Amino acid sequence: MLKNKKLAVIGVGKLGEALISGLLKKDAISASDICGTVGHEESLKRIKERLNIEATLDNQKAVKDRDLVLLAVKPQNMDSVLKEIAPVVTKNHLIISVAASVTTGFVEERLPQGVPVVRAMPNTPSVMNVGMAGMCTGTSATDEHKKMAEAIFKCVGETVFVDESLMDGVTALSASGPAYLYVVIESLAEAGVKLGIPRDVSTLLAAQTMLGSAKMILDSKAHPALLKDMVTTPAGCTIDGLMELEEGKLRVTLIKAVVKAAERARELVNTQNTKSKL
Ligand SMILES: NC(=O)c1ccc[n+]([C@@H]2O[C@H](COP(=O)([O-])OP(=O)(O)OC[C@H]3O[C@@H](n4cnc5c(N)ncnc54)[C@H](OP(=O)(O)O)[C@@H]3O)[C@@H](O)[C@H]2O)c1
């Protein structure tokens, strides 16, 4: 689907580099069809060496005559970058933004009318090709555009399209989620240490258990509660552990954490969009 497409990545930082690496590893696009931009001269050498792609500081040059434009600069740079590239963007481009809290409306307002826009919210495990990207479309993106944008993020993990009103929830759940789960893994590992297991062994036990449990849910499509019941022998030790988790309010704490992060994401969307009108 992406073969022979020409891609510009505006802002080849951590995420931009992870996405380009994923595309190259899957041989989805050839390096010669990718042009990346950065903000500073000294970053050019880094991307040329690490990715072997064309690199420039000139965003307009990178965007001209491209099919796909991936915007991966920080949210606070989006306004100036969009205004800069607007004169060379046409309806033949597909614009894909990964900037947190920047709506498709924000992007569309700064580009010529009718330009297709897709917004994506990936997460850091994309670096290991096990990412999760929630995605939504702007007013002019067609099914073909959706498929094209999806093909990019499929190279580094799973994708799902949602209504844009749910993107704050996606941000709070799957983009912030790794941080919550690292805390869970760290805590389980600490428990192992408390029980005398060396820290490295303990961390391996905890992390592989997290990975395996996630795979069980994804592969079997079973409800997590059903899988939990399968581990919980009557009068065994797991039920005692579960009772401690209930007493410590693990469930409600996780729910509240995600809800709180979504509220913050919503605040950032409003700040971003208010700033844009100033
Ligand atoms: N990291 C994540 O896990 C993640 C997840 C979801 C979404 N996102 C979104 O992805 C975007 C990038 O995040 P990141 O973590 O990859 O940030 P990052 O590592 O700081 O990368 C930003 C890149 O943008 C470049 N840049 C700055 N100004 C520019 C300009 N005017 N023109 C072209 N390039 C410019 C920077 O180049 P210099 O270094 O040379 O200044 C840098 O390479 C953000 O909007 C973030 O919300 C990130």
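Ser-126 counts as buried because its relative accessibility is 2%; buried means under 20% relative accessible area, exposed over 50% and partly exposed in between, with a 1.4 Å probe and protein chains only. This is a predicted model, where local features need pLDDT of at least 70 and side-chain atom pairs count only at pLDDT 80 or more, while totals for chains, interfaces and linings use all residues. Residues are numbered from 1 along each chain as its sequence is written, and side-chain values use heavy atoms, with hydrogens and water left out.

**Ser-126**
- You'll find Ser-126 in the loop between β6 (117-121) and β7 (131-137); strands (E, at least two residues) and helices (H or I, at least four) are DSSP runs, numbered from the N terminus.
- Leaving aside residues up to four places away in sequence, Ser-126 touches Gly-131 and Val-156 (contact means heavy atoms within 4.5 Å).

**Asp-229**
- Asp-229 sits in helix α10 (residues 224-231), and it counts as partly exposed because its relative accessibility is 46%.
- Between the C-alpha atoms of Asp-229 and Ile-239 there are 9.3 Å, with the two residues 10 apart along the chain.

**The second largest pocket**
- Lining this pocket are 32 residues, and Lys-14, Leu-15, Ala-72, Val-73 and Lys-74 lie nearest its centre.
- Two or more lining residues come from each of α1 (14-25), α2 (41-51), α4 (75-85) and α7 (167-175), with α1 giving the largest share, four residues.

Note on methods:
1 Å grid on protein atoms, 1.4 Å probe; cavity = no way out; pocket = protein on both sides within 12 Å on 5 of 7 lines; lining within 4 Å.
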